[in-house]
Amino acid sequence: GPLPDNAAELLSSAATRTAIGALEDAFDLVVIDCPPLLGLADSPILSRLVETAIYVIAANVTNRTVISRSIQRLKAAGGHVSGVILTKFDPKRESYGGYDYESSYGDYAYNYGSTPSKADNQASNRTG
């Protein structure tokens with residue numbers, strides 16, 4: 001048919017729904033790669049037409065606010081987000097911000113998270 005003025009019209013059409021349905025009938029897994037969410041209508045429109053969406057996040061590039069708004073936008077469009085894929089992650093550059101596990105038999109203390117100070121341990125032993 002004729003090209004629509006914008007992609008949103010094409011993606012919202014019955015022809016697109018029919019094409020996706022035919023692909024889902026013919027294959028066990030259909031992956032549709034979409035452009036970035038914010039600023040474009042493609043991903044929210046397609047998220048309504050598919051079983052689930054997987055959100056791709058670039059490590060150290062995409063900030064939390066953008067991630068949150070993007071996932072909210074997919075959900076508001078009627079899409080279901082089943083998970084995320086983290087790309088460009090370099091474990092040598094990353095850390096968990098000092099997270100560790102500590103146990104001490106003498107103090108009878110088990111700590112999760114950052115290691116508490118000696119004063120914290122003493123206060124914990126007095127109250128617990």
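Biologist: Is T62 buried, partly exposed or exposed?
Modeller: T62 is partly exposed, because its relative accessibility is 25%. Keep in mind that this is a predicted model.

Biologist: Where does T62 sit, and what does it touch?
Modeller: T62 is in the loop between β1 and α4. Leaving out residues up to four places away in sequence, T62 touches Y55, I57 and I67.

Biologist: Which residues make up the largest nonpolar core?
Modeller: That core has 8 residues: L37, A53, Y55, I57, I67, I71, L74 and V81. Y55, I57 and I67, the contacts of T62, are among them.

Biologist: Which elements supply at least two residues each of this core?
Modeller: β1, residues 53-58, and α4, residues 64-76, each do that.

Biologist: Take L74. What does it touch, not counting residues up to four places away?
Modeller: L74 touches L37, S43, P44, S47, A53, G79 and V81. L37, A53 and V81 are also listed in the core. S43, P44 and S47 are buried residues of α3.

Biologist: Give me a residue on the α2 side. Where is T16, and why does it count as buried?
Modeller: T16 lies in helix α2, which covers residues 14-26. T16 counts as buried because its relative accessibility is 13%, and the cut-off for buried is under 20%.

Biologist: What is T16 in contact with, leaving aside neighbours within four places?
Modeller: L10, L11, L46 and L49. Of these, L46 is one of the buried residues of α3.

Biologist: Back to α4. Is K75 buried or exposed?
Modeller: K75 is in helix α4. It counts as exposed, because its relative accessible area is 54%.

Biologist: How far is K75 from R48, C-alpha to C-alpha?
Modeller: The separation is 9.0 Å. Along the chain, K75 and R48 are 27 residues apart.

Biologist: New topic, backbone. What is phi at N60 and at K88?
Modeller: N60 has a phi near 60°. K88 also has a phi near 60°.

Biologist: Where are N60 and K88 placed?
Modeller: N60 is in the loop between β1 and α4. T62 is found in that loop too. K88 is in the loop between β2 and β3, with β3 at residues 100-104. K88 counts as exposed, because its relative accessibility is 66%.

Biologist: What about the surface? Which residues form a nonpolar patch there?
Modeller: I54, V56 and I85. Together they have about 260 Å² of accessible area. I85 is in strand β2, residues 81-87. At 41% relative accessibility, I85 counts as partly exposed.

Biologist: What share of the contacts is between residues 24 or more positions apart?
Modeller: 59%, counting contacts with a separation of 6 or more.

Biologist: Last topic, confidence. What is the average pLDDT, and where is confidence highest and lowest?
Modeller: The average is 78, and 72% of the residues score at least 70. Confidence is highest in α2, at a mean of 94, and lowest in β3, at 46. Over residues 98-106 the pLDDT is below 50. In the model, that stretch has 21 contacts beyond near neighbours in sequence.

Biologist: What about residues 109-116?
Modeller: There the pLDDT stays under 50. The model has 24 contacts for residues 109-116 beyond four places in sequence.

Biologist: How should low-pLDDT coordinates be read?
Modeller: Not in detail, where pLDDT is low.

Note on methods: Residues numbered from 1 in each chain as written. Predicted model: local features only at pLDDT ≥ 70, side-chain atom pairs only at ≥ 80, totals over all residues. Heavy atoms only, no water. Contact = heavy atoms within 4.5 Å. Helix = DSSP H or I, 4+ residues; strand = E, 2+ residues; numbered from the N terminus. Buried < 20%, exposed > 50% of the residue type's maximum accessible area, 1.4 Å probe, protein only. Patch = residues over 30% accessible without salt bridge, like charges linked within 9 Å, V, L, I, M, F, W, Y side chains within 5 Å. Areas by Shrake-Rupley, 256 points an atom, 1.4 Å probe, with all protein chains shown as cover. Salt bridge = Lys/Arg side-chain N within 4 Å of Asp/Glu carboxyl O. Core = buried A, V, L, I, M, F, W, Y, C linked by side-chain atoms within 4.5 Å. pLDDT = per-residue confidence, 0-100.
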